[in-house]
Amino acid sequence: VEAEKWVHMVTAQTPTNIAVIKYWGKRDETLILPVNDSISVTLDPDHLCTITTVAVSPSFDRDRMWLNGKEISLSGGRFQSCLREIRSRASDVEDEENGIKIAKKDWEKLHLHIASYNNFPTAAGLASSAAGLACLVFSLAKLMNVKEDQSKLSAIARQGSGSACRSLYGGFVKWIMGKDEDGRDSLAVQLADEKHWDDLVIIIAVVSSRQKETSSTTGMRETVETSLLLKHRAKEIVPKRILKMEEAIKNRDFTSFAQLTCADSNQFHAVCLDTSPPIFYMNDTSHRIISIVEKWNRSEGTPQVAYTFDAGPNAVMIARDRKAATLLLQRLLFYFPPNSDTDLNNYIVGDKS
Ligand code: 2P0
């Protein structure tokens, strides 16, 4: 292959994840070190995921990236941190089929082209940074033949976006906050794999596709600076909840899982309200969904569905099985009839990964 003509590329697909014990608040903003552990469920990649192709060629004169077909700037510190960490771990690459050889030292001067797509409407206002940054780090690591395990890669993805570290694994994942100042031990571990507890069905109700008013990064900073409730939550509440959630997941105990998930979502939003000035991520429709699910769970005697809301009004609901998911959709369609004032924009129904 002529020296200037070759292109070497890798494509990867990474799903997003939904926290059931929330991450909210950093103790170090640059390294992205959280104030508490968190636990998430990775979604199945058919519904909400990012697909990224990374390419390297001696004919590229600078690093460039396109998100959903539109070129974006790569000057941000977080992207540069991820790239620096991956580059420093690059190895020799030998692609015999195409006659391409890249020596370890060449990675210093070679440039990259990156194309990333979300398989869901970006306008839906659903978290995409988790899948996006995880996919970027994973595909770059493959391209540069980085020989670190997933957990080490998760610590790199963490520096791109906190929640991204949890998307390096399927199934149920814990982000351990860690103790080190350099962040080396702040990484994700898998609690249970994709096949564990595959009765669960996840339904996302898109309440609003508007962009959120307060970004997670800004919101967290303001909460850390002003909320006393956050200090109590991080020190006294979350450590106990993490242990209970790990037990619930291990035993497939839906009652405990649902109680913890709903309580933790509500406390995260209470902490936002305890911030000065207060942050409102949920709206009236979100509150109505909570009431509907709470009432139904109570009338059944045991929880059928857990709900959780991130930094926006969209509801993520986790049903205990297909039957509960069907009944949930029937209820939602009854309370929010299509093409009415109370219409929800969209439903996304999928399995756990
Ligand atoms: C979570 N969220 O655990 C929590 C719950 C939103 C609410 O992680 O600043 O995009 O990039 O680390 O990861 C959203 O925050 O923030 C988030 P950065 P990120 O999923």
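How many bridges pair strand β12 with β13, and in which sense do they run? Strand β12 (residues 172–176) pairs with β13 over five bridges, in the antiparallel sense. Strands are DSSP runs of E with at least two residues, helices are runs of H or I with at least four, and both are numbered from the N terminus. Two strands count as paired if DSSP finds at least two bridges between them.

## The model and its confidence

This is a predicted model, in which local features need pLDDT of at least 70, side-chain atom pairs count only at pLDDT 80 or more, and totals for chains, interfaces and linings use all residues. Residues are numbered from 1 along each chain as its sequence is written.

The mean pLDDT of the chain (the predictor's confidence in each residue, from 0 to 100) is 92, with 93% of residues at 70 or more. The scores for the model are ipTM 0.99 and pTM 0.94.

## Two domains

Let's look at the overall division next. The chain is assigned domain 1 (8–192) and domain 2 (201–351), with bounds that come from an automatic or database domain assignment. Their C-alpha centres are 26 Å apart.

## The four-stranded sheet

The β12–β13 pair belongs to an open sheet of four strands with antiparallel pairing, in the order β2-β5-β12-β13. Because β2 (17–21) and β13 (187–192) stand at the edges with a single partner strand each, one side of each has no neighbour in the sheet. On average, neighbouring strands here are turned by 35° against each other, direction ignored; axes are lines fitted to C-alpha atoms, for helices over the stretch in contact, and angles run from 0 to 180 degrees between N-to-C directions.

Within the sheet, K174 has V189 of β13 as its bridge partner. Helix α5 (residues 228–250) packs on this sheet and touches β2, β5 (38–42), β12 and β13, where contact means C-beta atoms, placed from the backbone, within 7 Å. The direction of α5 makes about 115° with that of β2.

## The five-stranded sheet

Another open sheet has five strands in the order β1-β6-β11-β7-β8, and its pairing is mixed. Here β1 (8–15) and β8 (70–72) are the edge strands, each with a single partner, so one side of each is left without a neighbour in the sheet.

Strands β1 and β6 (residues 49–57) run antiparallel and are joined by eight bridges; M9 stands opposite A55 in β6. Helix α2 (residues 129–143) lies across β1, β6 and β11 (111–118), at about 145° to β1.

## Around the ligand

The ligand has 14 residues around it, and A19, S161, G162, S163 and S216 come nearest. A residue is near if its C-beta atom, placed from the backbone, lies within 6 Å. Domain 1 and domain 2 each supply at least three residues to this shell.

By class, the shell holds five nonpolar, seven polar and two charged residues. Here Ala, Val, Leu, Ile, Met, Phe, Trp, Tyr, Cys and Pro count as nonpolar, Asp, Glu, Lys and Arg as charged, and the others, Gly among them, as polar.

## Two loop details

S276 and P277 are joined by a cis peptide bond, with omega about -5°. P277 lies in the loop between α6 (254–273) and α7 (284–300).

In the loop between α2 and α3 (150–158) you will find N145. Its phi is near 55°, a positive value in a residue other than glycine.

Notes
Two residues are in contact if their C-beta atoms, placed from the backbone, lie within 7 Å.
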